[in-house]
Amino acid sequence: MKAPITSLLLLGSSLGFAELQISEVLYDTPGTDSVEEWIEIYNAGCEQVDLSSYQLKDNGSTYSLSGMLAANTYYTIAKSSSGFEAMYGFSPDASNLALSLGNSGDYIELYNGSQLVDLVAWEGKVSGWDISAKYVSLYRTQTSSVTSVANWSTSSIDTPSTGTLTQDCSGASAGGSATYSGSYYDSVLSLSGTGLKSALQDLLEVNHTKLSYSEVWDALQYTDEDLSNTNNVILLYTGRSHSKTDRDGQSGFDNDSWNREHVWPKSLGFSSTSQYGYTDIHHIRPTDKTVNSSRSNKDYDEGGSAQGEAAGTYTTSESFEPRDDVKGDVARMIFYMDVRYDGSDGNMSDLYLVNNTSSETGDPFFGVICTLYTWHQEDAVDANEMTRNNRIQEWQGNRNPLIDHPEWVEELYSSQCI
């Protein structure tokens, strides 16, 4: 009796989007499909991926991946290295693939740890997946955060270790592509104004998996990882690359250790860990402990005296101005919070923006909206910001729409700052 495919109930919905995706499968080679079967995966991101946390699964079997996969690169795993080489004239990247495939499987799942991030099915194994894959390979036609039969086709010409999937990594030195081309926002693209803002709030809420505050530590070590040194995180206000393990509260911590900065201060609308905003990693960043303390719960605005520890940073008794390189990042995090929390969550206040620095502890409002709007215009979305957005979706399920569609900042806020 075959095991129930409970995990495939997620089919057609948004999975935990990851850079790594299944790109091609050959499960039925004419006459010799017991040894020449293979699976290909693709790194759709613009940074190297450590494969050690990924597994391929089917009906009862698991294959653990290993090694590193470069950006915009394919990786092929075959059942038999010799059989694969006899067919294609070169060796696969890995072999001894111990999965059933079509012999009782008819689907492949890709996991990152315990999270399902991609899958493909055929021969009606799963409702809606009626692809006939006899004597042909199945190949992915586009990368997507939604797993759907519409993203797959078949071909009698196999193309292991290559394909039509590509990624613009012109910004790779900064961490990846600064554009988003997925289908996450398809349901709201025709909207504008207040209708768009309301629909975005619904979209962000329904896809939001609440983290515990202790999970935030682990999440930030991934979302804010230094891509040049994966033992470190990048601190928001200083830009310093700092050891992941030297964090506030751990053995040996000091004033230079990092802690969790709420960019929208938690004292302004969500002071309890049970509230979504308190653990929402879209606006929580690693920061130097004492720089975080000097920022306190001040509004964002320009001017003041040099902060001292963070170059290019200025502060007054009411305001805080971060360095130029992250001003746009800060603005888009704040705009996200305004869109995400409109009071409909039940345990969250309606957060809103004001055009002054009058915020005080307990208030659900924050400023300065027109300064933030200017910062958004002056500091465009970069590849690091997009990479962080992708990684947050893996942990939390939702995205920051003001990063993916920066034109929506003008749509939603320009009328308040003209």
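Figure 1. Because six of the six residues of β2 (residues 38-43) are buried, the strand is largely enclosed by the rest of the structure; buried means under 20% relative accessible area, exposed means over 50%, and partly exposed lies in between (1.4 Å probe, protein chains only). The side chains of W38, E40 and Y42 point one way from β2, those of I39, I41 and N43 point the other way, and all are buried. Residues are numbered from 1 along each chain as its sequence is written, and side-chain values use heavy atoms, with hydrogens and water left out. Since the model is predicted, local features need pLDDT of at least 70 and side-chain atom pairs count only at pLDDT 80 or more, whereas totals for chains, interfaces and linings use all residues.

**Figure 2. The open antiparallel sheet β5-β4-β8-β9.** Four strands make up this open sheet, in the order β5-β4-β8-β9 and with antiparallel pairing. Its edge strands are β5 (62-64) and β9 (115-121), each of which pairs on one side only. From one strand to the next the twist averages 20°, with axes taken as lines fitted to C-alpha atoms (for helices, over the stretch in contact) and angles running from 0 to 180 degrees between N-to-C directions. Strand β4 (residues 54-57) and strand β8 (residues 107-112) pair in the antiparallel sense over four bridges, and the bridge partner of K57 in β8 is E109.

Figure 3. Five bridges join β15 to strand β16 (residues 284-288), and the two run antiparallel. In β16, R285 is the bridge partner of E261.

**Figure 4. The mixed sheet β17-β20-β19-β18.** This open sheet is formed by four strands in the order β17-β20-β19-β18, and its pairing is mixed. At the edges stand β17 (299-300) and β18 (305-306), each with a single partner strand, so one side of each is left without a neighbour in the sheet. The pairing of β17 with strand β20 (residues 319-321) is parallel and spans two bridges, with D299 standing opposite S319 in β20.

**Figure 5. The largest nonpolar core and a separate one.** A nonpolar core is a set of buried Ala, Val, Leu, Ile, Met, Phe, Trp, Tyr and Cys residues joined through side-chain atoms within 4.5 Å. The largest such core has 59 residues, of which W264, Y300, I334, F335 and Y413 touch the most other members. Several helices each supply at least two residues of this core, among them α2 (193-206), α5 (327-340) and α9 (407-413), and the largest share, eight residues, comes from α5. Apart from this core lies another, of 35 residues, including V25, A94, L97 and W122.

**Figure 6. The disulfide between C370 and C417.** The structure holds one disulfide, a term used here for a pair of cysteine sulfur atoms within 2.5 Å. It is formed by C370 and C417, whose sulfur atoms are 2.2 Å apart, and the torsion about their S-S bond is about -95°, so the disulfide is left-handed. The pair links distant parts of the chain, with C370 in helix α6 and C417 in the segment after α9, 47 residues apart. C370 counts as buried because its relative accessibility is 17%, whereas C417, at 22%, counts as partly exposed.

Definitions and conventions. Pairing = 2+ DSSP bridges.
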